[in-house]
Structure formats: structure tokens, C-alpha cells
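Here are my notes on the model you sent over. Have it open while you read, and go through the points in order.

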Amino acid sequence: MLVRASSFTVDLGEGGYLIGFTDDYEYPKEMPFGWRCGPATDAGVVVLTTTDTGPLQLTVQVHDAPPAPEAGGEWEAAEEISLRADLPALYVATLEQGDIMDAWPDDEPPLEVPFSSDGSDWVRMRLYCHADDPEPGIGDHGERHLVQLWPAPHTPPVHPDITEADRQARADYAADMAMPVEDYTTSYTHDGEQD
């Protein structure tokens with residue numbers, strides 16, 4: 001049964017958004033290319049969007065049991081992942097260029113999820129996505145996401161198969177994230193001046 005729902009617009013940066021039961025976000029060490037969502041930590045996931053920079057309509061539903069699958073062909077295939085509820089409230093943050101920004105609206109009360117009846121504090125998240133314009137890019141793509149949450153023991157994720165190009169994109173991103181910051185910096189000297 002639906003316990004609570006919240007809908008609002010998220011103004012996206014360049015890397016999608018993070019959602020989960022933690023406010024201790026870092027830029028993900030891995031990106032789930034080929035999927036819409038993938039783990040950032042046990043308590044949070046990164047969600048990749050069609051919209052690069054622009055609005056996304058996000059609806060979050062809290063249920064007390066697994067909801068029935070959404071009927072109709074307006075949604076992409078759903079993905080599911082388990083999240084550990086480190087904190088009782090759900091957090092949403094956007095991935096900006098080199099920064100992470102809180103995206104939960106100030107006028108929306110915190111959304112809290114009841115813990116699992118087995119005492120493990122795990123929550124299941126199901127993600128549905130739709131974009132009117134499915135080509136990735138900047139601006140309004142008519143993108144909307146539905147996130148359904150309910151208490152449930154930890155179970156394996158449900159994702160589509162990925163391609164070799166997705167595997168390569170994941171490897172390239174992981175290599176970039178593993179590169180020391182010093183490799184991205186450059187120092188300049190001017191003739192006759194000291195550094």
C-alpha cells in the first residue's frame with residue numbers, strides 16, 4: 001500500500017543524481033553505464049539521466065510492501081536495487097561539474113521510510129524512467145523518473161544486460177577516477193619570475 005508520495009522538479013547538472021539514505025556523498029568511483037542506476041555506496045545509488053543539464057520531474061513513493069509493476073508502455077524497463085537505510089530520511093543530490101549539490105526541495109518535508117521488519121534496515125528501490133526526447137543532451141527532454149521504495153531484505157539487483165561499449169565506458173571512468181589529482185594540475189613559470 002502507498003504510504004507517502006512526493007513529486008518535484010530537480011534541476012540537473014552534468015552527471016545525473018544521487019539518491020539514498022545517506023548525506024555523506026562523494027563523487028562515485030564507478031558509473032553504471034548501460035544501466036539507469038548503480039551503487040554509489042550501500043546506502044546510495046547514482047542515477048544516470050537522458051537530460052544532461054535541465055529539468056527532471058522526480059516522483060518518489062514509499063510503500064509498505066512491494067508495489068505492483070507499473071502498467072503501460074510509457075516507462076523504460078524498471079531496474080531494482082537494495083539500499084541500506086543508514087539514515088531514516090531519503091536524500092537527493094545532483095552531480096554538478098566537480099561538485100555535489102543537495103537537491104531535496106526546501107518546501108518538501110523529509111521523506112522517511114519504515115525499516116525492514118527483519119531488522120536489517122534494508123530498503124528496495126525500483127526505478128522507472130521516461131524521456132519524451134530519448135537523445136541525450138542539454139535542456140528539457142520531458143524526462144521523468146518514478147522511484148518506488150519499500151522495506152525489504154537485501155536481494156540482488158535487477159538490471160538490463162550491458163554492451164561491450166558500456167563496459168569500456170565504465171573502465172574509462174574508473175581509470176579517470178583512480179588518477180591522482182596531481183596529474184590534472186599544471187604549474188606555470190614566467191621568465192625572470194620565481195614560483
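1. Let's start with Glu 74. With a relative accessibility of 40%, Glu 74 counts as partly exposed, because that class lies between buried (under 20% relative accessible area) and exposed (over 50%), using a 1.4 Å probe and protein chains only. Bear in mind that this is a predicted model, where local features need pLDDT of at least 70, side-chain atom pairs count only at pLDDT 80 or more, and totals for chains, interfaces and linings use all residues. Residues are numbered from 1 along each chain as its sequence is written, and side-chain values use heavy atoms, with hydrogens and water left out.

2. What does Glu 74 pair with? Arg 144 forms a salt bridge with Glu 74, and their closest N and O atoms are 2.8 Å apart. (A salt bridge here is a side-chain nitrogen of Lys or Arg within 4 Å of a carboxyl oxygen of Asp or Glu.) Arg 144 sits in strand E10 and Glu 74 in the loop between E5 and E6, so this pair ties together parts that are 70 residues apart in sequence. Arg 144 is also partly exposed, at 26% relative accessibility.

3. Next, have a look at Glu 80 and Arg 124. They form a salt bridge as well, with the closest N and O atoms 3.0 Å apart. Glu 80 is in strand E6 and Arg 124 in strand E9, so the link joins parts 44 residues apart in sequence. Are these two buried or exposed? Glu 80 is buried, with a relative accessible area of 16%, and Arg 124 counts as buried at 4%.

4. The whole structure has 8 salt bridges. One of them joins the side chains of Glu 143 and Arg 36 (3.2 Å, N to O). That pair links distant parts of the chain, 107 residues apart: Glu 143 is in the loop between strand E9 (122–130) and strand E10 (144–151), while Arg 36 is in the loop between strand E2 (17–20) and strand E3 (37–41). Both Glu 143 and Arg 36 are buried.

5. Now for the overall layout. The protein has 1 helix and 10 strands; these are DSSP runs, numbered from the N terminus, with helices being H or I of at least four residues and strands E of at least two. From the N terminus, the order is β-β-β-β-β-β-β-β-β-β-α. Of the 195 residues, 42% count as buried.

6. Ala 65 is worth a click. It is in the loop between strand E5 (55–63) and strand E6 (79–84), and at 31% relative accessibility it counts as partly exposed. Leaving out residues up to four places away in sequence, Ala 65 touches Met 1 and Trp 150, where contact means heavy atoms within 4.5 Å. The C-alpha atoms of Ala 65 and Pro 151 are separated by 6.7 Å, although the two residues are 86 apart along the chain. Across the protein, 79% of the contacts with a separation of 6 or more are between residues 24 or more positions apart.
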